[in-house]
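The sequence and coordinates come next.

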Amino acid sequence: MPVLALGYIGVEARDLDAWRAFGTDVLAMQVVERGADTLALRMDERCQRVLVQCTERDAPAFFGFETASAKALQETVGKIEAAGRKITRATERELLLRRVEDMAWCIDPAGNRIELFHGQAAGNGPLTLPRPHGGFRTGRMGMGHMVLHAEDIDAMSAFYRDVLGLRLSDYMVKPYRLMFLRANPRHHSVGLLESKHNGVHHVMFEVLALDDVGRAYDFALEKWRIGQTLGRHSNDWVLSFYAFCPAGFMMEYGWGGRLIDEATWTPREVTHGGSMWGHDRLWMDEERRRKANEVRRTTILSGLGAPLQITRGQFNEVE
Ligand SMILES: [Fe+2]
């Protein structure tokens, strides 16, 4: 049985205060204190989606994929072992920190710690976001998506597709290889970007109200490093911006992602760049950024667009 969704992530942090500020200002998530050296960010009915542990460095630590049950977890673990990857069972302390019934982990072909879990606890009491906010789009689609750099994109694709059971939604071949893999109706839970190095490119959270992207953008512009300006993606249709989180990778804050119908979708090549408009890639060097903006100009002139994906109760239909 394939994994259901990206359920949580973990990061290491030298400075928990930076995460309290980023989690509040930019992400608008509830900061849950978990003792002297740990804090968690809560965004929905679950107890947490981001676990921050104080260490000597700022870095991504792990990614948790949800399975349906103890049986499904065991099946996934079996597939990972059959593929020749070592499985380690969670310690009692790890289960306690993640608040899950069971967890086992392995290292993917690019060196990321991938955890498989089931039974994450609900939060204590009602969700209390730090400012007026329409909430996050999670549920069966999980916490969002992640995009990873991959030196060997084919080995990564084999792991995520053949072993974890994700399906190819679409892909890019030029100017570099990119694959978008889904675990549920969200267009992708995992993106793989062929690179000269391994690591995390970004993690995405999706909000229900468009205004919350703008509000977060205002706060991000004030104090945080922007990675990509406001823009709209050409494949998942998400309208978003990217800011660097204290762990050194980008977090995308978006709205309006399309859903994929498993019965009718066929994988396709994306030939017009990553964005319909915007998303000026400020993290790139000048030469690559100039090329990316040339691609964007061509995309804009082609007239590429897509209908807005608005959830129930978030719009008035007008003449
Ligand atoms: Fe993204």
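Is proline 130 buried, partly exposed or exposed?

## Basis of the model

The model is predicted: local features need pLDDT of at least 70, side-chain atom pairs count only at pLDDT 80 or more, and totals for chains, interfaces and linings use all residues. Residues are numbered from 1 along each chain as its sequence is written.

Helices (H or I, at least four residues) and strands (E, at least two) are DSSP runs, numbered from the N terminus.

## Proline 130

Proline 130 is partly exposed, with 14 other C-beta atoms within 10 Å. On this scale a residue is buried if 20 or more other C-beta atoms lie within 10 Å of its own, exposed if 12 or fewer, and partly exposed in between, with C-beta atoms placed from the backbone.

The loop between β8 (113-120) and β9 (145-150) holds proline 130. Leaving aside neighbours within four places in sequence, proline 130 is in contact with Thr24, Ala28 and Gln30; contact means that the C-beta atoms, placed from the backbone, lie within 7 Å. Alanine 28 is 102 residues from proline 130 in sequence, and the C-alpha to C-alpha separation is 5.8 Å.

## The sheet of 8 strands

An open sheet of 8 strands has the order β2-β3-β4-β1-β5-β8-β7-β6, with mixed pairing; two strands pair if DSSP finds at least two bridges between them. Its edge strands, β2 and β6 (88-89), each pair on one side only. Strands β3 and β4 run antiparallel and are joined by 4 bridges. Threonine 38 has glutamine 53 in β4 as its bridge partner.

Helix α1 packs on this sheet, touching β1, β2, β3 and β4, and its direction makes about 5° with that of β3. Helix α2 (residues 70-82) also packs on the sheet, where it touches β7 (100-107) and β8; the angle between the directions of α2 and β8 is about 165°. Axes are lines fitted to C-alpha atoms, for helices over the stretch in contact, and angles run from 0 to 180 degrees between N-to-C directions.

## The buried face of α1

In α1 (residues 16-25), Trp19, Phe22 and Gly23 are buried. Seen down the axis of α1, the buried residues fall within an arc of 95°, so they line one face of the helix. The arc is that of the directions from the helix axis to the C-beta atoms. An α-helix has 3.6 residues a turn, so residues three or four places apart point the same way. The cover over the buried residues of α1 includes β1 (5-13), β2 (30-33), β3 (38-42) and β4 (50-54).

Strands β13 (residues 199-207) and β16 (residues 250-255) are parallel over 6 bridges, and valine 203 stands opposite methionine 251 in β16. Strands β10 (residues 167-172) and β11 (residues 178-182) run antiparallel, joined by 5 bridges, and form a hairpin with 5 residues between them.

## Helix α6

Helix α6 (residues 286-302) has 17 residues. The number buried is 1, so α6 lies largely in the open. Glycine 303 follows α6, with a positive phi near 80°.

Methods. Expected span 1.5 Å × (residues − 1). Contact = placed C-beta atoms within 7 Å.
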